[in-house]
Amino acid sequence: MKIVQRLSILILVTILNVNTGIAQNKSQKDKLSDDERMAWWRDSKFGMFIHWGAYSIIGGERGTKIAGGGAEWAMDKLDYTIEDYEKFPKMFNPQLFDADAWVTMAKNAGMKYIVLTSKHHEGFALWDSKVSKYDIMDTAPFKRDIVKELAEACKKQGIKFCLYYSIVDWHHPQAQGNLYPNYNISQHDDPSVVNPDFPKYYQNYMKPQVGELLKNYGDIGVVWFDGDWISDYTTEMGKDLYKYIRDIQPNTIVNNRVDKGRTGMDGMNNKPGQFAGDFGTPEQEIPDTGIDTDWEACMTMNGTWGYKPSDNKWKSSEDLIQKLVDIVSKGGNFLLNIGPDGFGRFPAESIRRLEAMGEWTKKNGEAVYGASASPYEKPSWGRYTKKDGVVYAHVFEWPKDGLLKLNKEIKIKKATVLTNPNTVLKSIATSAEVLLDIPMLAPDATVTVIKIELAK
Ligand code: FHN
């Protein structure tokens with residue numbers, strides 16, 4: 001090879017190295033402290049979980065059989081072979097999908113971030129993956145990059161874009177794809193069922209897919225892993241994956257299901273520091289008391305994550321609003337799920353609840369966003385949240401005698417109904433308690449918030 005050619009290659013390689021170095025330095029230069037990195041998430045308090053995939057066509061039903069639990073488990077619960085199941089991604093064509101409309105509904109509900117299932121256990125990817133053709137661009141007739149469209153809509157409307165990724169993969173032969181009919185035998189029934197190929201799936205498929213999501217879709221607020229429970233997935237993989245993500249986007253937040261620190265469904269890190277992950281993930285439940293690590297309770301509006309028309313066990317809007325307050329009063333975030341149908345529509349019952357929550361958060365958001373956990377014992381009538389010298393009393397059960405009994409540690413400078421700041425409420429303090437003279441009728445039947453500016 002001529003010297004000139006060698007020199008040109010040398011110069012090219014040097015330029016590439018310098019650029020990579022600058023890129024690395026740039027991203028590392030932008031690296032925030034953990035508290036700075038978590039700040040937006042801690043202040044947000046309320047996010048939207050979206051479980052959407054080919055299972056959204058199935059709706060949890062196969063002939064007369066209805067899948068128990070979440071309809072996103074249709075492939076496993078309704079005994080589909082891989083070949084049978086593949087017909088659903090091949091017909092996935094949600095022409096009513098409108099990313100801007102979805103983001104607007106989340107925003108109007110008072111939600112500050114969205115977590116989309118980029119790939120659930122079924123293995124079907126909702127983005128243009130170069131690692132696999134089992135994706136929205138190569139297998140489905142839809143041929144639009146859903147992750148891209150939702151990321152752009154979130155950016156446009158100022159909502160943090162976050163992605164769920166399933167470690168479990170019932171389609172991939174080196175993951176659980178060869179376990180038909182029970183794709184999760186290693187999960188529940190027989191941990192001795194070891195899949196020797198799983199490390200290959202992790203290294204050559206799962207990690208590169210996560211890399212695509214981190215490199216090609218702008219800022220990813222949170223990577224929300226799931227499927228951590230399978231015995232083939234190890235803490236070494238979890239720690240490796242956490243570092244890999246932070247090396248690409250240093251300020252991305254990662255949940256505790258990236259590693260093996262989750263204990264059962266309580267979702268909390270049983271040994272903080274021993275396992276990777278930035279927050280605990282209690283699921284379908286709210287811890288009884290506040291917990292001293294970051295945590296987010298994820299919950300469905302009815303009984304399923306994925307769309308399931310037969311499931312009419314809807315939580316009331318009032319219950320969901322009170323759950324939001326309960327969670328925030330204990331220092332957590334609320335990740336509330338929507339399961340769009342196979343056309344790309346939010347269920348009407350979900351939209352009704354989002355609108356009701358939006359009406360409440362619009363009026364009372366000051367007592368939620370950026371608020372911290374209550375330092376007081378939980379009162380019988382509701383919850384407290386706290387912010388900068390102010391305590392917010394969230395009254396679920398409005399007293400019938402017109403007197404609200406506050407915790408005696410509360411020293412009042414001024415108290416008003418949050419939505420009626422011009423009417424100062426009178427208070428009576430005794431050695432045992434503090435009583436607030438409140439209107440006979442609750443201004444808000446679901447949760448009335450009383451703003452209490454504390455005396456120094
Ligand atoms: O198996 C999944 C389930 O389908 C759903 O995605 C929930 C949401 O957190 N996570 C797993 C069950 O713990």
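In the side chain of W73, an N or O atom lies 2.8 Å from an oxygen atom of the ligand, and a polar side-chain atom of H120 is likewise placed 2.8 Å from a ligand oxygen, whereas for Y164 the corresponding distance is 3.5 Å; a polar contact here is a pair of N or O atoms within 3.5 Å. Of the 330 Å² that the ligand exposes when taken alone, the protein buries 93%, with accessible areas computed by the Shrake-Rupley method and a 1.4 Å probe.

This is a predicted model, in which local features need pLDDT of at least 70 and side-chain atom pairs count only at pLDDT 80 or more, while totals for chains, interfaces and linings use all residues. Residues are numbered from 1 along each chain as its sequence is written, and side-chain values use heavy atoms, with hydrogens and water left out.

Which residues are the closest to the ligand? They are H51, E72, H120, H121 and D226, within a surrounding set of 15 residues, where near means that a heavy atom lies within 4 Å. By class, this shell comprises 8 nonpolar, 3 polar and 4 charged residues, with Asp, Glu, Lys and Arg counted as charged and Gly among the polar ones.

Turning to the sheet, 3 strands form an open, antiparallel arrangement in the order β12-β16-β15, strands being DSSP runs (E, at least two residues) numbered from the N terminus that pair if DSSP finds at least two bridges between them. The edge strands, β12 (403–406) and β15 (427–429), each pair on one side only. β12 pairs with β16 (residues 434–437) over 4 bridges, and L404 has L436 in β16 as its bridge partner.

Conventions:
Polar contact = N/O pair within 3.5 Å; in protein donor to acceptor, adjacent residues only side chain to side chain.
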